[in-house]
Amino acid sequence: MNLIEQLVNIYREKFGYTPAHLVRSPGRVNLLGEHVDYNNGFVLPAAIDLATYAAFSPTNARHSTLVAVDFDQQASFSAESISTRTQADSSPLPEWALYPAGVMWSLMQENLPLIYMNAVFASDVPRGSGLSSSASVEMAFMIAWQTLGGWTLPSMQRALLGQKAENKYVGVNCGIMDQFASACGVENKLLLLDCRSLEWKTIPLPKNISIIIADTTVRRKLTSGEYNKRRSACEEAVRLLQQELPSINSLRDVRVEDFNRLAKKLPRGIEKRARHVVEEIGRSNQAEALLEAGDVHNFGRLMNECHASLRDLYEVSCPELNTMVNIAQSLEGCYGARLTGAGFGGCTVNLVAKEQAGDFSRALAKGYETETGLCPNIYITRASNGAELIR
Ligand code: GLA
């Protein structure tokens, strides 16, 4: 039975009738531009074929009731209980429920009409793996509330309100990339987003290329603490560099030559973080031209450089991610491999010649298992549409 049939069955068992609607909301993989979205840089993600699905209907109850199949739990909340992060019965909201509740909170701030719902949801995006399972849940509920409320927001607006929910309600200081990719994904296309202007365009996937995701299965705790520390280091770098370059507002505004000239003035720890960002924005700046020219060799080289920089300068990799990347880079047909997402565990993304995809996946899984004793999950992924109603 597939995930959608399962959801519908659980919904019928739980609520006694067939759900009115179904939404599919994808995770994402990022090819280039890592840890630059909150520095106003460029990112190059794609929505993927792993997704969160939610079955839902309006209810006359005075609260929403949500069943999280993956946690085997349910929670309910209302407009009155939202601000205290509690359920309709005053008990605290479980952590998973902060994402949908945060979306409702964010929509309430916009004064949009909200209708209570019964919903059952589940995801095949592995949690905490760098593939944006949280954003996929947020964008699923954005569509659900939009559908029931009878209003329509542009997809970028949904992404921004989802990011606000995550920043201000859940308490994770993420950038815009994940919600953007989950909201705005386009089948078979990469998405190039300028995180300063929020202008974006699609870029066709190079021909005869597979995007392969490899999950190390390692999950690090304290990720959000480390993530927030990286953000603060970037902000500190901007403050210090402004003494010499008063017109800059973010690391996006710093040219590599200026950075090299001024780097000595920064404490070493801050310099390493900022150097990653400045150079990574330079790399992602080249992405469009390389992909348009079909130059997958040089694009892959930038991915490899990105990994080295995330490992040595931004220090968000871990031994298992490095092992996965080293093996991948040594295999035939692999143009580029690097960690994807925030890091500290989770997945790598690999750009591989299509005809080698099967052999590559098998050899990568075997090599990783031999070296680490861990059994990885490998996905040959397809770029998919953003969150949408499927019924
Ligand atoms: C997480 C955040 C994104 C982005 C990436 C790193 O996925 O949610 O906003 O900063 O890390 O590129």
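Colleague: Which residue in strand 3 is the bridge partner of Arg 24?

Modeller: This is a predicted model, in which local features need pLDDT of at least 70, side-chain atom pairs count only at pLDDT 80 or more, and totals for chains, interfaces and linings use all residues. Residues are numbered from 1 along each chain as its sequence is written, and side-chain values use heavy atoms, with hydrogens and water left out. Strands (E, at least two residues) and helices (H or I, at least four) are DSSP runs numbered from the N terminus, and two strands pair if DSSP finds at least two bridges between them. Strand 1 (residues 21-30) and strand 3 (residues 45-58) run antiparallel and are joined by 9 bridges, and in strand 3 the partner of Arg 24 is Tyr 53.

Colleague: Which residue of strand 13 stands opposite Val 23?

Modeller: Strand 1 also pairs with strand 13 (residues 388-389), in the antiparallel sense and over 2 bridges. In strand 13, the residue that stands opposite Val 23 is Leu 389.

Colleague: How many of the 10 residues of strand 1 are buried?

Modeller: Buried means under 20% relative accessible area, exposed means over 50%, and partly exposed lies in between, with a 1.4 Å probe and protein chains only. Strand 1 is largely enclosed by the rest of the structure, because the buried residues among its 10 number 9.

Colleague: How far apart in space are Gln 286 and Leu 44?

Modeller: Gln 286 lies in helix 8 (residues 268-292) and, at 36% relative accessibility, counts as partly exposed. Gln 286 and Leu 44 are 242 residues apart in sequence, whereas in space their C-alpha to C-alpha separation is 11 Å.

Colleague: Which residue just after helix 11 takes a positive phi?

Modeller: The buried residues of helix 11 include Phe 360, Leu 364 and Tyr 368. Just after this helix, a positive phi of about 75° is taken by Gly 373.
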